[in-house]
Amino acid sequence: MTATPVSIGRRPSILPGDEGASGPLVDGFGRVHRDLRISLTDRCSLRCTYCMPEQGMEWLARTSILTLDEIERVARVAAAAGITTLRLTGGEPLLRPDIVEVVDRLARIRGVDGEPLHVAMTTNGIRLKELLPSLVDAGLRRLNISIDTIDRERFATLTRRDRLDDVLEGIEAARASGLRPLKLNAVAMRGVNDDELVDLVAFAIAHDAQLRFIEQMPLDAGHTWDRATMVTREEILETLSARWDLEPVPGRGGAPAERWTLAGETTSDGEPCTVGVIASVTAPFCGDCDRLRLTADGQLRNCLFSTSEYDLLPVLRGDASTDAAIDAVLRACIRGKLPGHAIDDPGFLQPARGMNAIGG
Ligand code: SF4
């Protein structure tokens, strides 16, 4: 069975011979892929202005959403090809009714080294208080919680929902759970929360968490992103440096965030507190990228900004479905990967899919 790219604009070069290949998932630039991000749903309990329009969202058809069995099967094939980490995303992954079973089944999968896969989750924190004990029992190992502001009115405006209290309860539950490192993600936005950067870091320190600022990327539903007005890594560091001495943390590897220690701040375990910046726009880290994505409707994407997708649905649901065919699509997807996101290219095309349907 051959992989079908759904192309909007650029067309990747798909090389023959993926079926029957073995070994790790290596792209044409020598990058070995170890991290599979699985979007479980495109639905969300919030409506962040930079992610979704207020009205008129076109949701994925329910019949196209991957079942638990299908997700587990793709994850098993990916694990046999060297994937070691699964990150569950959305939309909001905790909206999926079978989320605890998803974690339970995925956490039982072992990688090529015989060790269980590392199952992590990115969530908005709503429902976490209620679900976290079961998720930890099921094998969840790591949490990233998105919180762009700790100001109640601002939160309600930004997310179009008055749910800050639920998010704060979720963060408190995460702090108490002992899952570490606990990471809080904030998109830095001009005129929205750029006056709150120090407060957000102080909030994270008080919750034994690591704040990670994310440069806003051209993935917004309204297509209003502007390179000239975005809050940059440099600006974030300048603001934080006025409050703390920052010391770079070495050994980043393929991690998206550069990290700095915050002089004089320690966690309740006595570890140095750190802050991270994910500078996807001004300091891209595509050369070390080890990530691929599976959308809730069964499309494989080799980059957040990819304009091509590789459709696993017919491979999973066809009469002659085999693990070898799934593996071949994974390899075709990786072999079609471009060197980077090309945001600065004049011909850059924003993906047609919204961030909620790609997964973070
Ligand atoms: S932009 Fe694409 S290639 Fe670059 S780090 Fe993100 S997912 Fe990887």
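**Exercise 1. Describe how helix α6 packs against helix α7, and state the residues that make the contact.**

Solution. In this predicted model, local features need pLDDT of at least 70 and side-chain atom pairs count only at pLDDT 80 or more, while totals for chains, interfaces and linings use all residues. Residues are numbered from 1 along each chain as its sequence is written.

Step 1. Helix α6 covers residues 197–206 and helix α7 residues 233–241, where helices (H or I, at least four residues) and strands (E, at least two) are DSSP runs numbered from the N terminus. Their axes come within 9 Å and cross at roughly 70°; axes are lines fitted to C-alpha atoms, for helices over the stretch in contact, and angles run from 0 to 180 degrees between N-to-C directions.

Step 2. The two helices α6 and α7 are therefore roughly perpendicular to each other, since angles under 35 degrees count as roughly parallel, over 145 as roughly antiparallel, 65 to 115 as roughly perpendicular and the rest as oblique.

Step 3. The crossing of α6 and α7 is right-handed, a word used if the near helix is turned clockwise from the far one by less than a right angle, with left-handed for anticlockwise.

Step 4. L197, V198 and V201 of α6 meet I236, T239 and L240 of α7, a contact being two C-beta atoms, placed from the backbone, within 7 Å. By class, these residues are five nonpolar, one polar and no charged, with Ala, Val, Leu, Ile, Met, Phe, Trp, Tyr, Cys and Pro as nonpolar, Asp, Glu, Lys and Arg as charged, and the others, Gly among them, as polar.

**Exercise 2. Work out the arrangement of α3 and α5 from their angle.**

Solution. Step 1. Helix α3 (residues 128–138) and helix α5 (residues 164–177) pack at about 30°, with axes 8 Å apart, and α3 and α5 are therefore roughly parallel to each other.

Step 2. The crossing in which α3 passes α5 is right-handed, and its contact joins L128, K129, L132 and V136 of α3 to E169, G170, A173, A174 and S177 of α5. Sorted by class, the residues of this contact are five nonpolar, two polar and two charged.

**Exercise 3. Find the backbone exceptions at G91, P181 and R127.**

Solution. Step 1. Most residues other than glycine have a negative phi, and most peptide bonds are trans.

Step 2. G90 and G91 are joined by a cis peptide bond with omega of about 5°, and G91 lies in the loop between β5 (85–89) and α2 (99–107). Another cis peptide bond, with omega of about -5°, joins R180 and P181, the latter in the loop between α5 and β8 (182–188).

Step 3. R127 is not a glycine, yet has a positive phi of about 85°; R127 sits in the loop between β6 (118–123) and α3.

**Exercise 4. List the surroundings of the ligand and the residues that UniProt gives for "binding site".**

Solution. Step 1. Around the ligand are P284, F285, C286, C289, R291, C303, L304, F305, G340 and H341, each with its C-beta atom, placed from the backbone, within 6 Å of it. This shell has seven nonpolar, two polar and one charged residues.

Step 2. An unreviewed UniProt entry lists C286, C289 and C303 for "binding site"; although spread over 18 residues of sequence, they cluster in space, with a largest C-alpha distance of 9.3 Å. Such annotations may be inferred rather than shown by experiment.

Step 3. C286 is placed in the loop between β12 (272–278) and β13 (291–294).
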